[in-house]
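Please work through each task before reading its solution.

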Amino acid sequence: MRSLPSIIHLDMDAFFAAVEQASKPSLRGKPVIVGGLGGRGVVSTASYEARKFGVHSAMPMAQARRLCPNAAFLAGRFEAYRRASGLVMGLLRELSPLVQPLSLDEAFVDLEAGPYGPVLAEAEHGTGERLLLALAEDLRADIVERTGLTASVGVAGSKLMAKIASEQAKPDGLVLIEPGQERAVLGPMPVRALPGIGPATEQVLRRAGLNTVAELAEAGEAELVQLLGKAHGLGVHAMSIGLDDRPVVADQDAKSVSVEDTFEVDLADRDRVLREVEALALRCVRRLRGAGRSGRTVVLKVRRFDFSTLTRSETLRGPTDDEAVVVETARRLASQVDITGGVRLLGVGVAQLADYTQEDLFAQAVREEAAAGAEAGAGVAEEPEPVEEQAAPVRRWLPGQDVRHAEHGPGWVQGSGVGRVTVRFETPWSGPGRVRTFRIDDPALEPARPLPLRQGWPGVEDGDEDEAGAEGVGGGPGEG
């Protein structure tokens, strides 16, 4: 255990919803709920304004709508969240090379391993603590300056206590727990405050009369081992008395890349299932390439109408990031699955990741086979069959989606239906913008990439800042 509280746990406040509020001036200070918008959707994140109505993560979206009907319900924009996360993680890496991301919005940092490590090692205890607090405060201020987002930070001598401290700091706060105060802080807390204690373990402990962390510590190792087994019992007892020597491990490597979709209506048509699998495989490959990786195993996940879940996988001869290979493999796996009764969820993933693609024999074979088929067909003169003229696919506009209009500039979708889409034209650095309604097939309206949350950030497209000002997207007469 450390004598100085040199481990930081950072947790961004209501991250997805906060990014949406920072991106959309008209939503600041108002309840915002991000998640799946279909009948089976769940809440990913609720802003603090929405939490006052009882809305929380993992709640069914239908229940959230009943509790907070006047909230803005938005689909997720993961490109925007990844961009904001990258900036925050970059600030953390300026403090130390030992940054352990747990998710897009959460990470541990070991300050002893960073540039301030030698100063901390030589400083007196009080001076060291003041320096650590100053570093944490500067970090929070830098995050606000760079992103407009707030973070809660815990500072302690272990990962366990730093995580506890950041929970106490929420929202938008900073808490330091001095080494030696672990048991005093943990004692009154419910047993669920300790990581690794879920609902099932909580019930076992409650039946034994153990409801607080202090009661766990008093029970001792022997009783906890008897209740929970050796490994779990020893670990829970150590945490109950504040012992945690786990190191901060930098950049834990991802083991797989995957995407999945839950459908509002169960899919029972084989061709529809295969089309959805193909679309998921293409999305998965885009994520794979975005991470600069390739993979050797293609995995298919199918959740059926009765909630039973099947996984099928196929391992290739070498790593690939080729769309044709992943799509063909995923479709082959899907064709082997019984879909009688319907499918409510599909997922496609790539595992056994590598940092590069060796000679991709499968991809080469697929391309050669396609070329051979084209050559064979070229020598056969056939009367071309009349082709039916097909209607252009109807574009789907999701609430919260970034768009750009040829005349009005950048904005976001407030809602759509009955052949119309409503757009609010504003940018992260403007005031609340005006609302306009268009046909869903208006050729002047196009999907767009997210704008940065601050002017001057890397990634601002040429002309965006000038255009926002020229269009006068700030609030005013006629604002919707």
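The model is predicted, with local features requiring pLDDT of at least 70, side-chain atom pairs pLDDT 80 or more, and totals for chains, interfaces and linings using all residues. Residues are numbered from 1 along each chain as its sequence is written, and side-chain values use heavy atoms, without hydrogens and water.

**Exercise 1.** Classify the aromatic pair of Phe 16 and Tyr 81.

*Solution.* 
1. Rings of Phe, Tyr and Trp (its six-membered ring) pair if their centres lie within 6.5 Å; planes under 30 degrees apart are stacked, over 60 edge-to-face, the rest tilted.
2. The structure holds six aromatic pairs; in one of them, Phe 16 and Tyr 81 are 4.2 Å apart centre to centre with 10° between the planes, hence stacked.
3. Phe 16 belongs to helix 1 (residues 15-23) and Tyr 81 to helix 4 (residues 78-95), so the pair ties together parts 65 residues apart in sequence. Helices are DSSP runs (H or I, at least four residues), strands likewise (E, at least two), numbered from the N terminus.
4. Phe 16 is buried at 15% relative accessible area, and Tyr 81 is buried at 0%; buried means under 20% (1.4 Å probe, protein chains only).
5. Phe 15, Phe 16, Phe 78 and Tyr 81 form one aromatic cluster.

**Exercise 2.** Identify the ring over whose face Arg 65 lies.

*Solution.* 
1. The criterion requires NZ of Lys or CZ of Arg within 6 Å of the ring centre and within 35 degrees of the ring normal.
2. Arg 65 lies over the face of Phe 73, 4.3 Å from the ring centre.
3. Lys 24 lies over the face of Trp 412, at 5.3 Å from the ring centre.

Methods
Buried < 20%, exposed > 50% of the residue type's maximum accessible area, 1.4 Å probe, protein only.
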